[in-house]
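Visitor: I would like to learn how to read the packing in a model like this one. Please take me through it feature by feature.

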Amino acid sequence: MPVIVLEASDLTSPLSLVRMWALLSGCLTFSLVASLVTPELNPDTHQPSFRILCMFTWCLFFILTLLIHVINVIQFHSLVPISWKNLTVTVAALAALMTFSASVTFPWAVMGHEDVWPRPIAASLASCLTFLAYATEAYLIRTQTQDQNGYMASVPGLLKMLQLWGGCEMIVLVVEQVRGALVKGTGVGLAAVGWQLWVSGAVYALCLLMSLGTVMVVLGDCAGRCPLPFDRLLASFSLTGVLLYVVATILCFTRVLELEKSGQDFTDRKTGQTLVVMEAVMTSITLLAYTVDLAFSIKLLRDRSHA
(Lines give C-alpha, C1' and ligand atoms only; values in the text may rest on other atoms or scores of the structure.)
Protein backbone atom coordinates (compact mmCIF):
# COMPACT_ATOMS: atom_id res chain seq x y z
CA MET A 1 0.00 0.00 0.00
CA PRO A 2 1.52 3.39 -0.96
CA VAL A 3 2.61 5.71 1.83
CA ILE A 4 1.13 9.20 1.66
CA VAL A 5 3.76 11.84 2.34
CA LEU A 6 2.46 15.39 2.63
CA GLU A 7 4.84 18.31 2.28
CA ALA A 8 4.25 21.98 2.94
CA SER A 9 5.15 22.79 -0.65
CA ASP A 10 2.17 20.73 -1.84
CA LEU A 11 -0.20 23.16 -0.10
CA THR A 12 1.69 26.42 -0.57
CA SER A 13 2.55 26.22 -4.27
CA PRO A 14 0.87 28.85 -6.49
CA LEU A 15 -1.30 26.22 -8.18
CA SER A 16 -2.53 24.81 -4.87
CA LEU A 17 -3.32 28.27 -3.52
CA VAL A 18 -5.22 29.21 -6.67
CA ARG A 19 -7.21 25.96 -6.52
CA MET A 20 -8.13 26.63 -2.90
CA TRP A 21 -9.19 30.12 -3.96
CA ALA A 22 -11.42 28.60 -6.66
CA LEU A 23 -12.88 26.12 -4.18
CA LEU A 24 -13.73 28.76 -1.59
CA SER A 25 -15.23 31.26 -4.03
CA GLY A 26 -17.11 28.53 -5.92
CA CYS A 27 -18.58 27.10 -2.73
CA LEU A 28 -19.60 30.58 -1.60
CA THR A 29 -21.22 31.27 -4.96
CA PHE A 30 -23.51 28.25 -5.22
CA SER A 31 -24.33 28.43 -1.50
CA LEU A 32 -25.55 32.00 -1.87
CA VAL A 33 -27.52 31.25 -5.04
CA ALA A 34 -29.12 28.17 -3.47
CA SER A 35 -30.35 30.30 -0.57
CA LEU A 36 -32.05 32.94 -2.72
CA VAL A 37 -35.78 33.42 -2.22
CA THR A 38 -38.39 34.38 -4.83
CA PRO A 39 -38.27 38.20 -4.37
CA GLU A 40 -34.51 38.09 -5.04
CA LEU A 41 -34.97 36.31 -8.39
CA ASN A 42 -35.95 37.77 -11.74
CA PRO A 43 -39.51 36.67 -12.66
CA ASP A 44 -39.58 38.34 -16.10
CA THR A 45 -36.93 36.36 -17.96
CA HIS A 46 -35.97 32.73 -18.64
CA GLN A 47 -34.71 32.40 -15.10
CA PRO A 48 -35.19 28.64 -14.41
CA SER A 49 -33.09 27.36 -17.34
CA PHE A 50 -30.26 29.80 -16.81
CA ARG A 51 -30.29 29.31 -13.05
CA ILE A 52 -29.92 25.55 -13.57
CA LEU A 53 -27.03 26.17 -15.99
CA CYS A 54 -25.25 28.46 -13.52
CA MET A 55 -25.72 26.09 -10.58
CA PHE A 56 -24.58 23.12 -12.67
CA THR A 57 -21.45 25.02 -13.72
CA TRP A 58 -20.45 26.09 -10.22
CA CYS A 59 -21.16 22.70 -8.63
CA LEU A 60 -19.54 20.61 -11.38
CA PHE A 61 -16.26 22.47 -11.42
CA PHE A 62 -16.18 22.70 -7.63
CA ILE A 63 -16.31 18.89 -7.49
CA LEU A 64 -13.72 18.45 -10.26
CA THR A 65 -11.36 21.00 -8.71
CA LEU A 66 -11.70 19.38 -5.30
CA LEU A 67 -10.83 15.97 -6.74
CA ILE A 68 -7.83 17.37 -8.64
CA HIS A 69 -6.61 19.23 -5.55
CA VAL A 70 -6.88 16.16 -3.31
CA ILE A 71 -5.18 13.85 -5.82
CA ASN A 72 -2.44 16.41 -6.36
CA VAL A 73 -1.80 16.79 -2.62
CA ILE A 74 -1.64 13.04 -1.89
CA GLN A 75 0.42 12.43 -5.05
CA PHE A 76 -1.83 9.73 -6.55
CA HIS A 77 -1.39 10.86 -10.17
CA SER A 78 -0.13 7.47 -11.31
CA LEU A 79 -3.36 5.81 -10.13
CA VAL A 80 -5.53 8.03 -12.33
CA PRO A 81 -6.15 6.21 -15.66
CA ILE A 82 -6.10 9.41 -17.72
CA SER A 83 -3.53 11.97 -18.83
CA TRP A 84 -3.00 14.10 -15.71
CA LYS A 85 -1.20 16.97 -17.45
CA ASN A 86 -4.06 17.25 -19.96
CA LEU A 87 -6.77 16.85 -17.32
CA THR A 88 -5.69 19.78 -15.13
CA VAL A 89 -5.50 22.33 -17.92
CA THR A 90 -8.72 21.03 -19.49
CA VAL A 91 -10.68 21.49 -16.27
CA ALA A 92 -9.11 24.90 -15.57
CA ALA A 93 -9.67 26.31 -19.07
CA LEU A 94 -13.20 24.96 -19.45
CA ALA A 95 -14.07 26.10 -15.91
CA ALA A 96 -12.81 29.61 -16.70
CA LEU A 97 -15.01 29.79 -19.80
CA MET A 98 -18.09 28.31 -18.14
CA THR A 99 -17.82 30.42 -14.97
CA PHE A 100 -17.34 33.50 -17.14
CA SER A 101 -20.67 32.69 -18.81
CA ALA A 102 -22.28 32.10 -15.42
CA SER A 103 -20.91 35.42 -14.13
CA VAL A 104 -22.59 37.20 -17.06
CA THR A 105 -25.79 35.15 -17.15
CA PHE A 106 -26.59 35.28 -13.44
CA PRO A 107 -26.85 39.08 -13.05
CA TRP A 108 -28.67 39.38 -16.38
CA ALA A 109 -31.22 36.56 -16.24
CA VAL A 110 -31.41 35.19 -12.69
CA MET A 111 -31.08 37.89 -10.04
CA GLY A 112 -33.92 40.35 -9.51
CA HIS A 113 -33.62 43.91 -10.79
CA GLU A 114 -36.53 45.51 -8.96
CA ASP A 115 -34.66 46.10 -5.70
CA VAL A 116 -31.09 45.90 -4.47
CA TRP A 117 -30.56 42.63 -2.60
CA PRO A 118 -27.24 41.86 -0.87
CA ARG A 119 -27.13 38.11 -1.50
CA PRO A 120 -27.51 38.20 -5.32
CA ILE A 121 -24.86 40.94 -5.51
CA ALA A 122 -22.52 38.92 -3.28
CA ALA A 123 -23.14 35.84 -5.42
CA SER A 124 -22.29 37.79 -8.60
CA LEU A 125 -19.04 39.05 -7.08
CA ALA A 126 -18.14 35.56 -5.83
CA SER A 127 -18.78 34.14 -9.30
CA CYS A 128 -16.45 36.73 -10.81
CA LEU A 129 -13.78 35.76 -8.27
CA THR A 130 -14.27 32.11 -9.23
CA PHE A 131 -13.73 32.97 -12.89
CA LEU A 132 -10.56 34.87 -12.04
CA ALA A 133 -9.29 31.91 -10.01
CA TYR A 134 -9.81 29.44 -12.85
CA ALA A 135 -8.32 31.83 -15.41
CA THR A 136 -5.26 32.25 -13.19
CA GLU A 137 -4.97 28.48 -12.77
CA ALA A 138 -5.08 27.94 -16.54
CA TYR A 139 -2.42 30.63 -17.00
CA LEU A 140 -0.14 29.09 -14.35
CA ILE A 141 -0.45 25.64 -15.94
CA ARG A 142 0.38 27.03 -19.39
CA THR A 143 3.51 28.75 -18.05
CA GLN A 144 4.95 25.46 -16.82
CA THR A 145 7.76 23.75 -18.73
CA GLN A 146 6.97 21.97 -22.00
CA ASP A 147 7.45 18.55 -20.39
CA GLN A 148 4.76 19.30 -17.80
CA ASN A 149 2.19 20.43 -20.38
CA GLY A 150 0.10 18.25 -22.65
CA TYR A 151 -1.73 18.82 -25.92
CA MET A 152 -4.64 20.59 -24.22
CA ALA A 153 -2.32 23.37 -23.00
CA SER A 154 -1.34 24.22 -26.58
CA VAL A 155 -3.26 26.69 -28.74
CA PRO A 156 -5.12 23.91 -30.68
CA GLY A 157 -6.05 22.29 -27.36
CA LEU A 158 -7.42 25.55 -25.97
CA LEU A 159 -9.36 26.03 -29.19
CA LYS A 160 -10.99 22.66 -28.54
CA MET A 161 -12.08 24.00 -25.16
CA LEU A 162 -13.51 27.10 -26.82
CA GLN A 163 -15.45 24.92 -29.25
CA LEU A 164 -16.77 22.75 -26.43
CA TRP A 165 -17.80 25.80 -24.42
CA GLY A 166 -19.57 27.36 -27.39
CA GLY A 167 -21.47 24.17 -28.10
CA CYS A 168 -22.64 23.86 -24.50
CA GLU A 169 -23.83 27.46 -24.36
CA MET A 170 -25.71 27.26 -27.65
CA ILE A 171 -27.46 24.00 -26.78
CA VAL A 172 -28.86 25.78 -23.73
CA LEU A 173 -29.95 28.76 -25.84
CA VAL A 174 -31.71 26.51 -28.35
CA VAL A 175 -33.46 24.57 -25.58
CA GLU A 176 -34.58 27.83 -24.00
CA GLN A 177 -35.99 29.08 -27.30
CA VAL A 178 -37.92 25.82 -27.76
CA ARG A 179 -39.24 26.03 -24.19
CA GLY A 180 -40.25 29.66 -24.66
CA ALA A 181 -42.05 28.83 -27.90
CA LEU A 182 -43.96 25.99 -26.26
CA VAL A 183 -45.01 28.22 -23.37
CA LYS A 184 -46.50 30.78 -25.77
CA GLY A 185 -49.02 28.36 -27.20
CA THR A 186 -49.77 25.07 -28.87
CA GLY A 187 -47.15 25.03 -31.58
CA VAL A 188 -47.60 28.66 -32.69
CA GLY A 189 -44.25 29.72 -31.26
CA LEU A 190 -42.44 26.78 -32.81
CA ALA A 191 -43.98 27.49 -36.18
CA ALA A 192 -42.65 31.04 -36.01
CA VAL A 193 -39.12 29.70 -35.63
CA GLY A 194 -39.58 26.80 -38.03
CA TRP A 195 -37.07 24.31 -39.31
CA GLN A 196 -34.15 26.69 -38.84
CA LEU A 197 -34.10 26.17 -35.08
CA TRP A 198 -34.00 22.39 -35.45
CA VAL A 199 -31.21 22.54 -38.02
CA SER A 200 -29.19 24.83 -35.76
CA GLY A 201 -29.76 22.52 -32.80
CA ALA A 202 -28.62 19.50 -34.81
CA VAL A 203 -25.48 21.38 -35.93
CA TYR A 204 -24.59 22.36 -32.36
CA ALA A 205 -25.21 18.85 -31.02
CA LEU A 206 -23.10 17.19 -33.74
CA CYS A 207 -20.19 19.60 -33.32
CA LEU A 208 -20.42 19.31 -29.54
CA LEU A 209 -20.14 15.52 -29.80
CA MET A 210 -17.11 15.82 -32.09
CA SER A 211 -15.37 18.23 -29.71
CA LEU A 212 -16.25 16.12 -26.68
CA GLY A 213 -15.01 12.96 -28.38
CA THR A 214 -11.72 14.66 -29.28
CA VAL A 215 -11.18 15.81 -25.69
CA MET A 216 -11.99 12.35 -24.33
CA VAL A 217 -9.49 10.72 -26.71
CA VAL A 218 -6.77 13.16 -25.67
CA LEU A 219 -7.51 12.76 -21.96
CA GLY A 220 -7.46 8.98 -22.29
CA ASP A 221 -4.18 8.99 -24.24
CA CYS A 222 -5.95 7.00 -26.96
CA ALA A 223 -4.68 8.97 -29.96
CA GLY A 224 -2.15 6.25 -30.81
CA ARG A 225 -4.86 3.58 -30.81
CA CYS A 226 -7.12 5.50 -33.18
CA PRO A 227 -7.77 3.43 -36.36
CA LEU A 228 -7.32 6.61 -38.46
CA PRO A 229 -4.39 9.07 -38.35
CA PHE A 230 -5.36 11.33 -35.47
CA ASP A 231 -4.05 14.54 -37.04
CA ARG A 232 -6.08 13.92 -40.20
CA LEU A 233 -9.12 13.12 -38.08
CA LEU A 234 -8.73 16.42 -36.22
CA ALA A 235 -8.43 18.28 -39.51
CA SER A 236 -11.60 16.64 -40.82
CA PHE A 237 -13.47 17.51 -37.61
CA SER A 238 -12.32 21.13 -37.89
CA LEU A 239 -13.37 21.35 -41.54
CA THR A 240 -16.76 19.81 -40.72
CA GLY A 241 -17.20 22.26 -37.86
CA VAL A 242 -16.39 25.24 -40.07
CA LEU A 243 -18.91 24.19 -42.72
CA LEU A 244 -21.66 23.42 -40.22
CA TYR A 245 -21.15 26.62 -38.25
CA VAL A 246 -21.25 28.71 -41.42
CA VAL A 247 -24.72 27.28 -42.02
CA ALA A 248 -25.73 27.87 -38.37
CA THR A 249 -24.48 31.47 -38.44
CA ILE A 250 -26.49 32.24 -41.58
CA LEU A 251 -29.59 30.67 -40.01
CA CYS A 252 -29.14 32.73 -36.82
CA PHE A 253 -29.07 36.04 -38.68
CA THR A 254 -32.01 34.90 -40.82
CA ARG A 255 -34.03 34.23 -37.66
CA VAL A 256 -33.15 37.68 -36.30
CA LEU A 257 -34.60 39.25 -39.46
CA GLU A 258 -37.70 37.06 -39.24
CA LEU A 259 -38.31 38.16 -35.65
CA GLU A 260 -38.04 41.79 -36.75
CA LYS A 261 -40.84 41.23 -39.27
CA SER A 262 -43.03 39.05 -37.03
CA GLY A 263 -46.24 40.32 -35.50
CA GLN A 264 -45.38 39.40 -31.93
CA ASP A 265 -45.81 41.74 -28.99
CA PHE A 266 -42.88 44.06 -28.35
CA THR A 267 -41.91 42.29 -25.12
CA ASP A 268 -41.96 38.82 -26.69
CA ARG A 269 -40.12 40.07 -29.78
CA LYS A 270 -37.48 41.78 -27.66
CA THR A 271 -36.94 38.65 -25.53
CA GLY A 272 -36.77 36.39 -28.58
CA GLN A 273 -34.35 38.71 -30.32
CA THR A 274 -32.10 38.78 -27.26
CA LEU A 275 -31.79 35.00 -27.23
CA VAL A 276 -31.23 34.75 -30.99
CA VAL A 277 -28.67 37.58 -30.98
CA MET A 278 -26.84 35.86 -28.12
CA GLU A 279 -26.88 32.66 -30.14
CA ALA A 280 -25.58 34.50 -33.23
CA VAL A 281 -22.70 36.01 -31.24
CA MET A 282 -21.76 32.67 -29.70
CA THR A 283 -22.02 30.98 -33.11
CA SER A 284 -19.67 33.56 -34.64
CA ILE A 285 -17.13 33.10 -31.83
CA THR A 286 -17.23 29.32 -32.17
CA LEU A 287 -16.98 29.56 -35.96
CA LEU A 288 -13.84 31.64 -35.50
CA ALA A 289 -12.43 29.00 -33.14
CA TYR A 290 -13.08 26.23 -35.69
CA THR A 291 -11.54 28.32 -38.48
CA VAL A 292 -8.33 29.00 -36.54
CA ASP A 293 -8.20 25.35 -35.45
CA LEU A 294 -8.53 24.27 -39.09
CA ALA A 295 -5.63 26.56 -40.01
CA PHE A 296 -3.46 24.96 -37.30
CA SER A 297 -4.45 21.46 -38.46
CA ILE A 298 -3.59 22.24 -42.10
CA LYS A 299 -0.25 23.71 -41.05
CA LEU A 300 0.53 20.60 -38.98
CA LEU A 301 -0.33 18.28 -41.88
CA ARG A 302 1.78 20.33 -44.29
CA ASP A 303 4.78 20.37 -41.94
CA ARG A 304 4.59 16.60 -41.47
CA SER A 305 4.29 15.99 -45.20
CA HIS A 306 7.44 18.04 -45.81
CA ALA A 307 9.39 16.39 -42.99
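Visitor: At what angle do helix 4 and helix 8 pack?

Guide: This is a predicted model. In it, helix 4 (residues 84-110) and helix 8 (residues 195-219) pack at an angle of about 145 degrees. Their axes are 9 Å apart.

Visitor: Which residues in helix 4 and helix 8 meet?

Guide: Helix 4 brings Asn86, Leu87 and Thr90, and helix 8 brings Val215, Val218 and Leu219. By type, the residues of this contact divide into four nonpolar, two polar and no charged.

Visitor: What is the secondary structure of the chain?

Guide: The chain has ten helices and zero strands. Of its 307 residues, 46% count as buried.

Visitor: How should I read a nonpolar core?

Guide: The general idea is that in soluble globular proteins, nonpolar side chains tend to be buried together. Here the largest nonpolar core has 72 residues, and those touching the most other members are Trp58, Phe106 and Tyr204. Helix 2 (14-34), helix 3, helix 4, helix 5, helix 6 (155-184), helix 8, helix 9 (230-261) and helix 10 (266-306) each give two or more residues to this core.

Visitor: Which helix provides the largest share of this core?

Guide: Helix 4 does, with 14 residues. As for domains, the core draws at least three residues from each of domain 1 (1-152) and domain 2 (154-306).

Visitor: What does tryptophan 58 touch?

Guide: Leaving aside residues up to four places away in sequence, tryptophan 58 touches Thr29, Phe30, Val33, Thr99, Ala102, Phe106 and Ser127.

Visitor: How many aromatic pairs are there in the whole structure?

Guide: A pair of aromatic rings is described by the distance of the centres and the angle of the planes. A search of the whole structure finds seven such pairs. In the pair of phenylalanine 61 and tyrosine 134, the ring centres are 6.4 Å apart and the planes stand at 65 degrees. An angle over 60 degrees counts as edge-to-face, so this pair is edge-to-face.

Visitor: Where in the chain are phenylalanine 61 and tyrosine 134?

Guide: Phenylalanine 61 is in helix 3 (residues 47-74) and tyrosine 134 is in helix 5 (residues 118-142). They are 73 residues apart, and the pair links distant parts of the chain.

Visitor: Are phenylalanine 61 and tyrosine 134 buried or exposed?

Guide: Phenylalanine 61 and tyrosine 134 are both buried.

Visitor: Which residues do ring pairs link into a cluster?

Guide: Tyr204, Tyr245 and Tyr290 are linked in this way. Tyr204 was also named above for its contacts in the largest nonpolar core.

Note on methods: Residues numbered from 1 in each chain as written. Predicted model: local features only at pLDDT ≥ 70, side-chain atom pairs only at ≥ 80, totals over all residues. Heavy atoms only, no water. Phe/Tyr/Trp six-rings, centres within 6.5 Å; stacked < 30°, edge-to-face > 60°. Helix = DSSP H or I, 4+ residues; strand = E, 2+ residues; numbered from the N terminus. Buried < 20%, exposed > 50% of the residue type's maximum accessible area, 1.4 Å probe, protein only. Axes fitted to C-alpha atoms, helices over the stretch in contact; angles between N-to-C directions. Contact = heavy atoms within 4.5 Å. Nonpolar A, V, L, I, M, F, W, Y, C, P; charged D, E, K, R; others polar. Core = buried A, V, L, I, M, F, W, Y, C linked by side-chain atoms within 4.5 Å. Domains from an automatic or database assignment.
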